[in-house]
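Trainee: Hey, could you walk me through this one? I'd like to go residue by residue and ask as we go.

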Amino acid sequence: MPALVNEAREQMAKYQVYGIGNALVDMEYEVEPSDLEALRIDKGVMTLVDEAHQLEIMAHLEERHHQRGSGGSAANSIIAVSQFGGRAFYSCKVADDELGHFYMRDLIAGGVDTNHHTEKEQGHTGRCVVLVTPDSDRTMCTFLGISGELSAKELVEDALRDSDWFYTEGYLVTSPAARAASIEAKRIADASGVRTAFSLSDPNMVRFFRDGLMEMIGARVDFLFANEAEAMGMADTRDLGTAVEYLKTIADEFAVTRGPKGALVYDGSRLIEIAPVPVEAVDTVGAGDMFAGAFLYALSQGWDHQRAGDLASAASAKLVTSLGPRIAAEESRAILRGFQP
């Protein structure tokens with residue numbers, strides 16, 4: 001899209017980022033590796049579980065429950081956009097139950113507009129049990145509940161068309177209806193001149209659903225977020241340089257996060273190294289989501305990729321110093337003040 005058209009859209013658009021993704025109430029616990037073994041859970045990845053297995057996990061760990069909040073990968077990123085001061089909208093699906101009403105209240109309290117007027121159906125709102133081990137790694141066991149039925153009905157097309165960016169998560173690939181909704185939303189975005197961003201989300205999504213992810217990406221996206229494992233998995237290589245070259249074939253621009261080694265950002269012409277911000281990590285839940293949210297906020301403000309990456313790195317570093325997938329709005333604004341010219 002020509003630069004002048006982009007500039008005009010950014011001046012007129014109601015929302016800077018429109019997201020679609022799973023609505024999951026995050027239930028966070030502090031555990032030991034032995035707990036994961038006892039509960040038959042693979043460490044460090046997201047695993048889909050049925051409700052019975054998830055309830056078994058929650059009962060086993062009841063005394064170690066830390067907190068709950070509105071979550072889901074894309075939701076965390078969209079809330080970050082809002083907390084930095086951006087205008088954001090999130091489409092999702094919750095049930096007409098206590099967790100569903102809690103989720104919507106929490107999302108709105110985070111400053112995000114949503115399809116909360118959509119009729120809520122009977123069922124169970126999705127839950128993500130987040131297990132944090134002493135090494136700060138996070139393991140997720142997700143029961144999608146009604147979020148697995150997310151469909152194009154939950155899209156708010158006027159809001160999508162009136163946005164600078166459309167953003168979605170790779171986790172939607174596991175549900176045929178949600179995958180179709182993401183593909184339809186991208187079609188609308190492409191037709192409306194809305195830039196598209198996509199997160200690969202998790203190494204298991206790449207490992208087991210690569211074809212579906214490629215279907216969601218389509219011909220290509222404007223921006224792609226991945227970590228090292230996801231990037232190399234998509235490229236079917238163990239070499240990061242080869243993975244970087246592959247990502248150029250499916251995305252105009254991208255960021256590859258590397259944990260304590262920082263990140264690599266491709267701005268369409270050059271590869272930029274983003275330095276890490278050294279911290280003592282307590283909980284890495286949501287670090288990639290925060291990186292994506294901060295980065296998209298910065299791009300929506302017209303920042304260059306170096307400055308956007310530095311903001312995203314600082315925000316992610318702040319996030320991992322405490323439990324939970326987000327930081328308070330006032331902490332976000334404090335980080336932002338450090339990047340003002």
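Trainee: OK, A292 to start. Is A292 buried or exposed?
Mentor: A292 counts as buried, because its relative accessibility is 0%. The cut-offs are under 20% relative accessible area for buried, over 50% for exposed, and partly exposed in between, with a 1.4 Å probe and protein chains only. Keep in mind that this is a predicted model, where local features need pLDDT of at least 70 and side-chain atom pairs count only at pLDDT 80 or more, while totals for chains, interfaces and linings use all residues. Residues are numbered from 1 along each chain as its sequence is written, and side-chain values use heavy atoms, with hydrogens and water left out.

Trainee: Where is the place of A292?
Mentor: A292 sits in helix 11, residues 287–300. Helices here are DSSP runs of H or I with at least four residues, strands are E runs of at least two, and both are numbered from the N terminus.

Trainee: And which residues does A292 touch?
Mentor: Leaving out residues up to four places away in sequence, A292 touches S77, Y167 and F225. Contact means heavy atoms within 4.5 Å. As for F198, which is 94 residues apart from A292 along the chain, the two C-alpha atoms are separated by 9.4 Å.

Trainee: Switching to T237. Where does T237 lie?
Mentor: T237 is in the loop between helix 9 (228–235) and helix 10 (240–247). T237 is buried, with a relative accessible area of 18%. Its contacts are M232, T242 and A243, again not counting residues up to four places away in sequence.

Trainee: Now salt bridges. How many does the structure hold?
Mentor: There are 18 salt bridges. Each one has a side-chain nitrogen of Lys or Arg within 4 Å of a carboxyl oxygen of Asp or Glu.

Trainee: Give me one. What does E121 form a salt bridge with?
Mentor: The partner of E121 is K93, and the closest N and O atoms are 3.0 Å apart. E121 lies in the loop between strand 6 (113–114) and strand 7 (126–132), and K93 in the loop between strand 5 (88–91) and helix 5 (98–109), so the pair ties together parts that are 28 residues apart in sequence. E121 is partly exposed at 28% relative accessible area, whereas K93 counts as buried at 5%.

Trainee: Which residues are linked with K93 and E121 in a network of salt bridges?
Mentor: K153 and E154 are linked in a network of salt bridges with K93 and E121.

Trainee: What about R187, what's its salt bridge?
Mentor: R187 pairs with E184, with the closest N and O atoms 2.7 Å apart. Both lie in helix 7, 3 residues apart, which is about one turn of the helix. R187 is partly exposed at 46% relative accessibility, and E184 is partly exposed with 24% relative accessible area.

Trainee: And R179 and E215, where do they meet?
Mentor: Their side chains meet in a salt bridge, 3.5 Å from N to O. The pair links distant parts of the chain, with R179 in helix 7 (residues 176–192) and E215 in helix 8 (residues 203–217), 36 residues apart.

Trainee: So how do helix 7 and helix 8 pack, at what angle?
Mentor: They pack at about 25°, with their axes 8 Å apart. That makes helix 7 roughly parallel to helix 8. Axes are lines fitted to C-alpha atoms, for helices over the stretch in contact, and angles run from 0 to 180 degrees between N-to-C directions. Angles under 35 degrees count as roughly parallel, over 145 as roughly antiparallel, 65 to 115 as roughly perpendicular and the rest as oblique.

Trainee: Which residues make the contact?
Mentor: Helix 7 contributes R179, S182, I183 and K186, and helix 8 contributes G212, E215, M216 and I217.

Trainee: Last topic, phi. What's up with R40?
Mentor: R40 has a positive phi, near 60°, and is a residue other than glycine. Most residues other than glycine have a negative phi. R40 is found in the loop between helix 2 (33–38) and strand 3 (46–48), and R40 is exposed, with a relative accessible area of 55%.

Trainee: And S136, what phi does that have?
Mentor: S136 has a positive phi of about 75°, and S136 is not a glycine either. S136 is buried, with a relative accessible area of 6%.
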